Amino acid sequence: MKHIILIFVSTALLAACGQSYEEQKRLTRAESQRLAREDSAALKIAVTPTLDCLPLYVARHHGLFAALGADVRLKRFAARMDCDEALRGRKVEGLVTDLVRGQRIVGQGMPLEYLTATGAYWQLLTNRNARIKELKQLNDKMLAMTRYSATDMFGDYAVDSVGLVPEMVFRIQVNDIVLRLKMLENNEMDAMLLTEPQATAARMQKNPVLMDSRRTGIRLGAMAVRHELIGDTARRKQIEVLMKAYDMACDSISKYGLEGYRKLIAGMCGVGEDVADALPKDIRFEHAAVPRKEDIDRAEAWLKEKLADDATTIDDDGGK
């Protein structure tokens, strides 16, 4: 009799466990589907570990998107190439980019709406051990950059400004900006183009700056969304919240300074807090304003000439 009772209890327990497992799977599937629906409805912006994304990081840090009534999510990628692919694959609705990359996406058949210019700038730095003190010494040297991006355009600008033969400066494509910086630290590259805060990290290691894009008068930083979103009422409201939060975040950065967000910068950009502390004090984050037409036109003209000269396929691409 005892054996019969034990068998009955064991069977009941096994049945209960089986039901629990099946129920758990059902709940897990339901939860996954719910989360997928929410993510699909959210406005997703692709970002990178760079300082031009700081207003978005600050807005999320303070919960501004939710407070203003919209589900806006930031999707972090190591390289701008990955941001582009996410946009093309409709995994995100927008991205922080540069105008060269933006116009490349437009040229590939996806119209963009530029929401704002950013204060992004790029510096050409050389390896302190390479003893390169002038741009003309880049001849026969390796320059890390990214194809069809601001770094490519400013690389050409630097080479042309001193009359070097373009083919004699070896362009090495390194899409991941954190990896690019490490290659400089490890003496694996002669020179490279970096934006902040990686440029500050490189300067702190006594790597010379030979060119600063701010001196060219060309402003290429931008944030954009797919143009089709503008005709969607729900998406348009999300974009309005995004931009209101962006402006509020810029105000907060102006009030507290970059030092007030040193931990956030270090965490989001993959640098030490000492680098965040050493960022130039004159960096400003302005309210949203669309990019200047002259900058869009200049990026477009350079891109068309570059694509024609390179005679590359449409699938060739790069990162930040």
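How much space lies in the second largest pocket? I looked this up first, working on a predicted model, and found that about 390 Å³ of space lies in the second largest pocket.

I then listed its surroundings: the second largest pocket is lined by 20 residues, and those that lie nearest its centre are Thr118, Gly119, Ala120, Arg214 and Arg219. Sorted by class, I noted nine nonpolar, five polar and six charged residues in the lining of the second largest pocket.

Next I turned to the largest pocket, which holds about 520 Å³ of space. I found 21 residues lining the largest pocket, with Asp152, Asp156, Arg171, Lys306 and Asp310 lying nearest its centre. Its lining divides by class into 11 charged, nine nonpolar and one polar residue.

I also asked which elements build that lining, and noted that α6 (150-161), β7 (170-173) and α12 (293-310) each supply at least two residues to the largest pocket, while α12 gives the largest share, seven residues.

I recorded Asp295, Ile296, Ala299, Trp302, Leu303 and Lys306 as the buried residues of α12; they cover an arc of only 135 degrees around the axis, so they sit on the same side of α12.

For the cover over these buried residues of α12, I found that it includes α5 (99-107), β4 (112-117), α6 and β7. On the face of α12 turned away from its buried side I noted the exposed residues Lys293, Glu294, Lys304, Glu305, Ala308 and Asp309.

Note on methods:
Residues numbered from 1 in each chain as written. Predicted model: local features only at pLDDT ≥ 70, side-chain atom pairs only at ≥ 80, totals over all residues. Heavy atoms only, no water. 1 Å grid on protein atoms, 1.4 Å probe; cavity = no way out; pocket = protein on both sides within 12 Å on 5 of 7 lines; lining within 4 Å. Points joined across faces, edges and corners; volume = space filled by probe spheres on them. Helix = DSSP H or I, 4+ residues; strand = E, 2+ residues; numbered from the N terminus. Nonpolar A, V, L, I, M, F, W, Y, C, P; charged D, E, K, R; others polar. Buried < 20%, exposed > 50% of the residue type's maximum accessible area, 1.4 Å probe, protein only. Arc of directions from axis to C-beta. Contact = heavy atoms within 4.5 Å.
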